[in-house]
Amino acid sequence: MKQTLFVDVLLPLHLPGTYTYRIPAEYNDAVAVGQRVVVQFGAKRLYSAIVRRIHDEVPEYTTKYILSILDLEPIVDERQLKFWEWMAAYYMCYPGDVMAVAIPSAFRLSSDSYIVVHPDFEGDYGELSENEIKVLDVLSRKGRIEVSEMADITGSLKIMPIVKTMIEKKIVLMDEELKQRYTPRRSTWVTLDEAYGDEAVLRGLFDQLEKNPRNEKQLLVLMKFLQMSQFGHGAVKKKELLESGGLSSSAFDTLVRKEVFRLEQRDESRLQEYASTTDVSAITLSDEQQQAFDYLSSCDKAVALLHGVTSSGKTEVYIKLIDKALRRGEQVLFLLPEIALTAQIINRLRRYFGPTVGVYHSRFSTQERAEVWRRTMMDGDGGYRVLLGARSALFLPFHRLGLVIVDEEHDSSYKQSDPAPRYNGRDAAIWLAHSWGARTVLGSATPSVESYYNAQIGKYGLVQMTHRYGGLEMPEVMCADMKEAQRRKEVKMNFSQFLISHIKEALANREQVILFQNRRGFSLRIECDVCHWVPQCKHCDVSLVYHKATASLRCHYCGYSIPVPKECPACHSTTLKMRGFGTERIEDDLAIFFPDARIARMDLDSTAHKNRYMEILSDFEDHKIDILVGTQMVTKGLDFDNVSVVGILSADNLISFPDFRAYERSFQQMTQVSGRAGRHGRRGKVIIQTYQPYHQAIRDAMAGDYISMYKSQIVERRVFRYPPYYRLVDIVVRHKEEAVVNSAAARYAAMLRTHFEGRVMGPEFPSVSRIRGLYLKKIMVRFAAGEALGEAKRLMLSCAAELLKEKEFSRVQVVFDVDPQ
């Protein structure tokens, strides 16, 4: 008698813990931790779950059986599962939340699953129940049916027992293609039949074809094949053969029927393959780069910070470190904050490491991401050893991770805001590297205050590169005082005459310009000039942004959109004025000032289509664009050889943001975008337009003085109890009714104060107090940096659970954000 075994499985749902299912006896030897299995959850729903544990502990309740196994081998290993569990515990969410973002959607089973007739079913209806016969009758007509349809077919709501029984009897099986969603791409390849490997036999075939003029097309196909296949010694893809010279497909089919050609199906990659073209030894490091490489190679700290000014050559140091890791037989993870940055970096890495480099990010299709996942698991030919991507690349199934590089480590884009897990990619990367015993390198021209502090106290290693590569000068940073320019009537539209003159000079010299405005859209709002009515989103507590391209007013939080009104609905005035400006308006205005210039815009709207951002960057790199206007996408890590002028159009928007990191962030963004100028030629120029020219953040950015910014901020953080001296947990209480939110937030804050007296701030409405129809109230809890938070987090979660048990608050949402950005 076989042992009765059970599995604890993870489901990709916002639910606590694991769920126990029984293993059918015939699957006892087939199930392994990390495999996907199909389980019933609820009355009708099917999900693919990950096996977390296999055991023989009989639960106190009746368990359901797993319905099928999806994988021959596990798709995640024990180290990945522990990484998920750490993330769930640290960021106060459920393991299922982590699983939902970690696994490519191609590997997740849709609840609307299909069944088909089992290929081994012999059609014997004699021992089938009435319901099973009904299902088979419909399957015989339709080929496959959704599991949810079975309720209508059988007239029974309890369909899962019927599905389970029919699967066990091998009457039906789950449609593997739909369930798995990932299917390898296959192509047809052509080879010469073995008989024609003999030269005399092949000559005889030619003689036979040449005798009959009607065989001319077959002869052409055969000759082209021999030309492409090295005289029959290789295989040729059918599609390439037929397209190579407009050859006849019917003549090709005739040769197949005559058994001259043999056809075979081969798996092929959806991802373009690249060959390495340059050896890493060709890179000559400067003395400063060599010192950084030597330090990072031998540093006794698990984490090291590379603080190098813009254009100091950090990427070359990274490439040398990657090469060293690959020589040790290790894998490398290279994280970037923005998908747009991968376009340039990937080309540089492929130049040296060729087909071993893989890219993983959300712009890839479902099937492409699944293929990258599988090739990361592979050890050997075809497997990826260098993985480049945004924060989601952390979840790839590495098998020998030895080095993690986090470029632009200061960037807030590493932090996921919604949905859970609300993790910081940089911090999670450090934990992941630690679990592998791997080294982590954090790189930035403007490190986060927290990272630089950790380096100062000796927690991280630190190496600095203070000069641009090749002796290039740092750009000249100048300030355009907009208040004074307006007084002198030197402002046209949103441009100072000072900035316009420098743009003209750059264009006259056939140089390029980058303009940075951290607001997309045409106008930030439309306002009635009589009664000052401003159109608001009906779901969110924000004004609508005008987008000229779509002639609409749009909410950037929920996507709500309305046509532009012809008159004010409050007073019926037709004098509606535009206030503020975004990237779309800048692009429009530039066409008036510089009608002959080629202008492009790079923001979330203009790069919505797959690969559009790569096209824009490629055109700019090839000098097909003269002026590039963009949001923060243009500020980070991009390397162009002909940019001589960078303009920051509204520095005040950066400085005035209501956040304790506003000073740090504004300095970082201004310094980063300034670094795009003068990278490969004469000294570049940066013009900052501001109404506050003597603000310290502006002065520090103009001087490129990171240390001044750091010293001022570290003192403020200590005085006002902010990171790095304290750790924060933001808690947001959400509900569709404002009164309920007020009551729930007050009640929850009172509960927290019984455990954390003096550490709880709020509740308060955030700057945007309603999003997607839900009112928000925010509570902040502070903890000293060295304090263990495990028990504190359990108490916060316990208090939230108690709150939700109260009837009036049962539909309230409590959202936790650990280490908010």
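Strand S1 (residues 6-10) is joined to strand S4 (residues 45-55) by five bridges, and the two strands run antiparallel; pairing requires that DSSP find at least two bridges between two strands. The structure is a predicted model, in which local features need pLDDT of at least 70 and side-chain atom pairs count only at pLDDT 80 or more, while totals for chains, interfaces and linings use all residues. Residues are numbered from 1 along each chain as its sequence is written, and side-chain values use heavy atoms, with hydrogens and water left out.

Five of the five residues of S1 are buried, where buried denotes under 20% relative accessible area, exposed over 50%, and partly exposed the range in between (1.4 Å probe, protein chains only).

The protein chain as a whole has 26 helices and 36 strands, these being DSSP runs numbered from the N terminus (helices: H or I, at least four residues; strands: E, at least two). For 821 residues, a compact globule would have a radius of gyration near 28 Å, and the 31 Å of the protein chain agrees with this; the radius is taken over C-alpha atoms, and the globule rule is 2.2 Å times the number of residues to the power 0.38. Along the principal axes, the C-alpha atoms fill a box of roughly 90 × 75 × 70 Å. Of the 821 residues, 52% count as buried. Among contacts (heavy atoms within 4.5 Å) with a separation of 6 or more, 74% are accounted for by residues 24 or more positions apart. The accessible surface comes to about 37,700 Å², of which carbon and sulfur atoms contribute 49%; areas come from the Shrake-Rupley method with a 1.4 Å probe, and for residues only the protein chains shown count as cover.

Thr376 lies in helix H14 (residues 366-377). Thr376 counts as buried because its relative accessibility is 0%. Apart from its neighbours within four places in sequence, Thr376 is in contact with Gln331, Tyr384, Leu387, Leu396, Pro397, Phe398 and His399.

Two cis peptide bonds were examined. The bond from Asp418 to Pro419 is cis, with omega near -5°, and Pro419 is placed in the loop between strand S16 (401-407) and helix H15 (425-436). The bond from Pro723 to Pro724 is likewise cis, with omega near 10°; Pro724 lies in the loop between helix H24 (706-720) and strand S32 (726-735).

Positive phi values occur at non-glycine positions as well. His532, which is not a glycine, has a positive phi of about 65°. His532 is found in the loop between strand S23 (525-528) and strand S24 (545-547), and is partly exposed, with a relative accessible area of 49%. Ala551, also not a glycine, has a positive phi of about 50°. Ala551 lies in the loop between S24 and strand S25 (552-554) and is partly exposed at a relative accessible area of 44%.
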